[in-house]
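Here is a friendly walk through a protein model, meant to be read with the structure open beside you. Please take a look at the fold before reading on.

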Amino acid sequence: MVLLVNQGRASDNQRLFNNAVIRVQHLHQLAAKMINDFEDSLLPEERRQLSKIFPLSFCNSDYTEAPTGKDETQKSSMLKLLRISFRLIESWELPSQTLSGTVSNSLTVGNPNQITEKLADLKMGISVLIKGCLDGQPNMDDNDSLPLPFEDFYLTKGENNLRESFRLLACFKKDMHKVETYLRVANCRRSLDSNCTL
């Protein structure tokens with residue numbers, strides 16, 4: 001009976017991981033489409049200006065303690081990757097409302113709350129996965145070393161500014177790519193496959 005319960009829990013956990021990876025992949029693809037559509041809507045001169053800006057710019061997540069390369073990501077524990085993913089998703093909750101507004105002013109992406117809702121669903125799923133990893137152990141959260149999410153980071157910048165709109169979209173895409181990578185590696189870790197290459 002215990003074996004069946006454990007197998008059921010493992011199956012539920014695998015389903016949660018798969019759903020989380022699918023959801024973040026969708027968000028990453030949505031971010032890529034939004035930034036491409038945004039760039040396509042610009043005049044050639046505006047595009048040239050933006051190509052000079054972003055490489056010199058920085059994102060909110062640049063201040064979050066996270067693995068910086070493939071090797072470091074692969075050496076990180078599953079729990080650490082989940083916690084960092086949670087924090088990155090959490091940091092986009094408030095800015096995503098501005099992102100939806102920025103996007104809906106110039107593009108058609110469906111429901112403007114779509115991004116915020118998807119982020120909330122993903123955050124809840126990652127939270128359940130973190131609890132599953134702890135498996136009844138006390139939550140000795142090592143997130144204390146992570147800065148609090150900069151909820152108003154992007155909101156303090158210029159409103160409806162071309163540069164800030166592009167920066168917001170580019171950072172959202174960059175962060176969703178990070179979360180996708182971290183969740184893929186964490187998901188691979190829990191399988192018997194020891195080759196979790198990126």
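Across the protein the mean pLDDT is 76, with 69% of the residues at 70 or more. Helix by helix, H4 has the highest confidence, at a mean of 92, while H5 has the lowest, at 63. One is residues 1-5, where the model has zero contacts beyond four places in sequence. The other is residues 143-149, and for that stretch the model has 14 such contacts. Where pLDDT is low, the predicted coordinates should not be read in detail.

Now turn to helix H7, which covers residues 162-190. Its 29 residues reach 43 Å from the first C-alpha to the last, close to the 42 Å expected at 1.5 Å a residue. H7 is mostly covered, with 21 of the 29 residues buried.

Which cysteines form a disulfide? The partners are Cys59 and Cys171, with their sulfur atoms 2.1 Å apart, and the structure holds one disulfide. It links distant parts of the chain: Cys171 belongs to H7, whereas Cys59 sits in the loop between helix H2 (44-53) and helix H3 (70-75), 112 residues apart. Both cysteines are buried. The torsion about their S-S bond is about -85 degrees, so the disulfide is left-handed. Another cysteine, Cys133, is partly exposed, because its relative accessible area is 23% and the buried class requires a value under 20%.

A search of the whole structure finds two aromatic pairs. One of them joins Trp92 and Phe172 edge-to-face, with 5.1 Å between the centres and 70 degrees between the planes. Here too the pair links distant parts of the chain, 80 residues apart: Phe172 is in H7, and Trp92 is in the loop between helix H4 (78-91) and helix H5 (95-106). Trp92 and Phe172 are buried.

Further along H7 comes Glu180. Is this residue buried or exposed? Glu180 is buried, because its relative accessible area is 12%. Leaving aside residues up to four places away in sequence, Glu180 touches Val24, Gln25 and His28. Its side chain also meets that of Arg184 in a salt bridge, 3.4 Å from N to O. Arg184, at 41% relative accessibility, counts as partly exposed. Elsewhere, salt bridges that share partners join Arg87, Glu90, Glu93 and Lys123 into one network.

How many salt bridges does a search of the whole structure find? The search finds seven. Side chains of opposite charge can pair when their charged atoms come close. Glu45 is partly exposed at 41% relative accessibility, and Arg48 is partly exposed at 45%.

A salt bridge between Arg23 and Asp121 has its closest N and O atoms 3.4 Å apart. Arg23 lies in helix H1 (residues 2-40) and Asp121 in helix H6 (residues 114-134), so the pair ties together parts that are 98 residues apart in sequence. Arg23 is partly exposed at 39% relative accessibility, and Asp121 is partly exposed at 36%.

Notes. Residues are numbered from 1 along each chain as its sequence is written. Side-chain values use heavy atoms; hydrogens and water are left out. Rings of Phe, Tyr and Trp (its six-membered ring) pair if their centres lie within 6.5 Å; planes under 30 degrees apart count as stacked, over 60 as edge-to-face and the rest as tilted. Helices (H or I, at least four residues) and strands (E, at least two) are DSSP runs, numbered from the N terminus. Buried means under 20% relative accessible area, exposed over 50%, partly exposed in between (1.4 Å probe, protein chains only). A disulfide is a pair of cysteine sulfur atoms within 2.5 Å. pLDDT is the predictor's confidence in each residue, from 0 to 100. Contact means heavy atoms within 4.5 Å. The expected span of a helix is 1.5 Å times one less than its number of residues. A salt bridge is a side-chain nitrogen of Lys or Arg within 4 Å of a carboxyl oxygen of Asp or Glu.
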